[in-house]
Amino acid sequence: MSEQHLYDLIVVGAGPAGLSAGLYAGRATLDTLIIEGDTVGGQVTTTSVVYNYPAVEKVDGTQLMNQMQRQVADFGVTIKHDQIEKYDLDDEVKTLTGQSGQTYQARSVIIATGASPRKVGFPGEDEFRGRGIAYCSTCDGELFSGLQIFVVGGGYAAAEEADYLSRFGKHVTVLVRGDHFTCPPLTAARALNNPKVSIEYNTEVKRVDGDDYLTSATLVNNKTGKETVYHVDDGDTTFGMFIYVGTQPATQKLQGLVDLDERGYIKTDENCATSVPGVYAAGDVIVKPLRQIITAAADGATAATAAEAYVTAQKQRQGIPIHTVEAKQPAKTVGQTSQLDEQEEITPHQGTWLTADIDAQLKPIFARLTKPVIFQVNTTDGELSQQLVSFVDEFVGLDDHFTMQTVEGSGQYLPMLKLLDGDGQDTGLHYAGIPTGHELNSLVLGVYNVAGPGQTIAPELAARIKQLPATDIRIGVSLTCHFCPDVVAACQRMASLNPGITATMIDLQHFPALRKEKKIMSVPATMIGDDPVIFGSQSLEELVTAVEKHGQK
């Protein structure tokens, strides 16, 4: 057995703090690995528009993070997709264990796991998640087009997302617990000066109610005690309530390992050092007064600089030569496939769907394919079918392993793209609608899983997948949702390993009947057979467990 690779630094988390740490570590020629368990970019990718990043007048949150990711890759730092489940931090060599079963070792570690949206806790909040209650405007905003929308919160996110949501809703009402916004006046002005946005101060949600959808909200003035009840407008099925009331740090796996405050945030010194030598923390996960993209990036730079000094001192103490590492040619990738291969020279592509930059990212991934793939387009009448044919025709021109065939479609969700193997057998990987936007990631991973080495998963989990009963899985998505591709890819990974499973991405914008039937107002929305819809991001392990439970019924 070969000796396990020992990194100088492992960064856990690929939000602005983790990417900034990777950038500074790469520049310092540290042998660095970034491990991300969810979406590269973190919570910034849920932000519609970023207005307050220096030297950038305004930028889409996902675009900003993609630019950071490219910078990191340019310094030879790899981003691997795995969820760290266990930390062993006491020894000089730190050992991390991923959900995949793989272990990783490093001389130093930076924890940049960030934080997730905090719930308010009023009755009905959990019950109506996905049926009116939402936490991500870029994922779910368009599903509330023409409906009344409430935003709960009084900080940066509430003001900015209320302004963004006004492009979808017929009106947006911000419910602020205090008597003013807690963000700077210029940010608050985005809500205050928007004619489609109104503000209710000293107002809290007491409860929400409904049947299939959210249909009423009881609000209370916390100064006067007066209650008011909002009922859904005549002619509307539901209304939206988006929650922006702070975050919960992702430190559950670190309890008892590093010092945390009473809220679960990691305590650090001015160098972002934790209570454990060689372990640092950065970004929204640490104790600090301001949680913004710029402060997270600053934390990452500070932590990486401190880690570099720590690693250098450790090597000098152990008599290990300090070598300058030649930067690797980066693997610029789509989404979270950055670990697949190195970048190669490519002639710019002139297509209408895929830019030259995307083509350059895809070529090293496709270079690892070993089997042919048939892209079968199941068509119907209409412009959407023509667009899907156009997209697939361009996509198959990217690699010699690909061919396209069109057939007259039958069934519920048309047009649909099906991936077939070289013998024409259905792999179970289906796409209803056009897998562009964020869903281009799931298509690329789908191709990689059926025609290439496939994403690495723990052998025990692979064995469980192969034992799963025949199951039809549908994943309702929005092309603007950054969580959706991971869920689609996970379900389709099951399909690639088990011929009895089909996993279909469905762009809900084009299939309103399914939205109505399943009462979906949030994505990703995972439908396993006829079981209740599962809303939100789910890991492969969680989805496998859900299919196992489905098979036991």
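Q: Which rings are linked into a cluster by ring pairs?
A: W353, F366, F375, F391, F395 and F402 are linked that way. Rings of Phe, Tyr and Trp (its six-membered ring) pair if their centres lie within 6.5 Å; planes under 30 degrees apart count as stacked, over 60 as edge-to-face and the rest as tilted.

Q: What should I know about the model before going on?
A: This is a predicted model, in which local features need pLDDT of at least 70 and side-chain atom pairs count only at pLDDT 80 or more, while totals for chains, interfaces and linings use all residues. Residues are numbered from 1 along each chain as its sequence is written, and side-chain values use heavy atoms, with hydrogens and water left out.

Q: How many aromatic pairs does a search of the whole structure find?
A: The search finds 15 aromatic pairs. One of them is F144 with F242, an edge-to-face pair at 5.4 Å centre to centre, with 70 degrees between the planes.

Q: Where do F144 and F242 lie?
A: F144 is in the loop between α3 (137-140) and β9 (148-152), and F242 is in strand β15 (residues 240-243), so the pair ties together parts that are 98 residues apart in sequence. Helices (H or I, at least four residues) and strands (E, at least two) are DSSP runs, numbered from the N terminus.

Q: Buried or exposed, those two?
A: Both F144 and F242 are buried. Buried means under 20% relative accessible area, exposed over 50%, and partly exposed in between (1.4 Å probe, protein chains only).

Q: What about F375 and F395?
A: They form a tilted aromatic pair, 5.6 Å centre to centre and with 50 degrees between the planes. F375 sits in strand β18 (residues 373-379) and F395 in helix α8 (residues 383-396), so this pair ties together parts that are 20 residues apart in sequence. Both F375 and F395 are buried.

Q: Switching to charges. How many salt bridges does a search of the whole structure find?
A: There are 14 salt bridges, each a side-chain nitrogen of Lys or Arg within 4 Å of a carboxyl oxygen of Asp or Glu. One of them joins D233 to K170, with the closest N and O atoms 3.0 Å apart. That pair links distant parts of the chain, 63 residues apart: D233 is in the loop between β14 (227-231) and β15, K170 in the loop between α4 (156-165) and β10 (171-175).

Q: How exposed is K170?
A: K170 is partly exposed, at 36% relative accessibility. D233 is also partly exposed, with a relative accessible area of 27%.

Q: Which side chain meets D236 in a salt bridge?
A: K170 does, at 2.8 Å, N to O. D236 is in the loop between β14 and β15, 66 residues apart from K170.

Q: And what links D212 and K519?
A: Their side chains meet in a salt bridge of 3.6 Å, N to O. D212 lies in the loop between β12 (203-210) and β13 (214-221), and K519 in the loop between α12 (512-518) and β24 (525-528), 307 residues apart. D212 is partly exposed at 41% relative accessibility, and K519 is partly exposed at 22%.

Q: Last one: how many helices and strands are there?
A: The protein has 13 helices and 25 strands. Of its 553 residues, 56% count as buried.
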